[in-house]
Amino acid sequence: GAPLPCVSSASDFANLLLKAQTNLGIQQRKYGFFQHSSNTGVPSGKDLDRNGKVVSEPGSAEYAKDCFGYGIFPGQYAMALLVGEPFMINSTGARTFQKLLRADMPG
């Protein structure tokens, strides 16, 4: 099949699904979504891989190695939850461990 278009967020992906349903002539189902912030691909401004340079331009493994969480671009490996109607997402109950330090982990 043809490659999927590039989407940059959960809302873009939900809209893509809706468009695909229309194009395929199947019953449309709207999707609610929840997407929390991610630290993958977020530049640290530091030389975290200790190679002697700070890479702040997205798009390379060298950039990813200097980010807070490994990612070639901001949000790479981030996760989103899509739920078809009539179901709903209780986003107020969602938690993130983004700021949990490895040193604070048991073991």
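Colleague: Let's start with Tyr-77: buried or exposed?
Modeller: Tyr-77 has a relative accessibility of 59%, so with exposed meaning over 50%, Tyr-77 counts as exposed. Bear in mind that this is a predicted model.

Colleague: Fine. Where does Tyr-77 lie?
Modeller: In the loop between helix 2 and strand 2. Its backbone deserves a look too: phi of Tyr-77 is near 75°, which is a positive value in a residue other than glycine.

Colleague: And what about phi of Arg-50?
Modeller: Arg-50 is not a glycine either, yet its phi is positive, about 55°. You'll find Arg-50 in the loop between strand 1, residues 31-35, and helix 2, residues 61-65. Its relative accessible area is 76%, so Arg-50 is exposed.

Colleague: While we're on the backbone, which peptide bond is cis?
Modeller: The one from Glu-85 to Pro-86, where omega is near 15°. Pro-86 belongs to the segment after strand 2.

Colleague: What else is in the segment after strand 2?
Modeller: Phe-97, for one; strand 2 itself covers 80-84. Phe-97 has a relative accessible area of 54%, which makes it exposed.

Colleague: Which residues form a nonpolar patch with Phe-97?
Modeller: Leu-100 and Met-105. With Phe-97 they form a patch on the surface, and together the three have about 310 Å² of accessible area.

Colleague: How about Thr-96, where is that found?
Modeller: Thr-96 is also in the segment after strand 2. At 39% relative accessibility, Thr-96 counts as partly exposed.

Colleague: Changing topic: what is Gln-28 in contact with, beyond its neighbours within four places in sequence?
Modeller: Leu-18, Gln-21 and Thr-22. Gln-28 sits in the loop between helix 1, residues 10-24, and strand 1.

Colleague: Let's zoom out. How many helices and strands are there in the chain?
Modeller: There are 2 helices and 2 strands, and from the N terminus they run α-β-α-β.

Colleague: What radius of gyration does the chain have?
Modeller: 18 Å, whereas a compact globule of 107 residues would have one near 13 Å. The C-alpha trace spans about 55 × 35 × 20 Å along its principal axes.

Colleague: What share of the residues count as buried?
Modeller: Of the 107 residues, 15% do. The chain exposes about 8,400 Å², with carbon and sulfur atoms supplying 57% of that area.

Colleague: And how much of the contacts comes from residues 24 or more positions apart?
Modeller: They account for 50% of the chain's contacts with a separation of 6 or more.

Colleague: One more thing, where is confidence lowest and where is it highest?
Modeller: It is lowest in strand 1, with a mean of 85, and highest in helix 2, at 96. For the chain, the mean pLDDT is 85, and 93% of the residues reach 70 or more.

Colleague: Great, thanks for the tour!

Terms used:
Residues are numbered from 1 along each chain as its sequence is written. This is a predicted model: local features need pLDDT of at least 70, side-chain atom pairs count only at pLDDT 80 or more; totals for chains, interfaces and linings use all residues. Side-chain values use heavy atoms; hydrogens and water are left out. Patches are made of residues with over 30% relative accessible area and no salt bridge: like charges are joined within 9 Å, nonpolar side chains (Val, Leu, Ile, Met, Phe, Trp, Tyr) within 5 Å. Accessible areas come from the Shrake-Rupley method with a 1.4 Å probe; for residues, only the protein chains shown count as cover. A salt bridge is a side-chain nitrogen of Lys or Arg within 4 Å of a carboxyl oxygen of Asp or Glu. Helices (H or I, at least four residues) and strands (E, at least two) are DSSP runs, numbered from the N terminus. Buried means under 20% relative accessible area, exposed over 50%, partly exposed in between (1.4 Å probe, protein chains only). The radius of gyration is taken over C-alpha atoms; the globule rule is 2.2 Å times the number of residues to the power 0.38. Contact means heavy atoms within 4.5 Å. pLDDT is the predictor's confidence in each residue, from 0 to 100.
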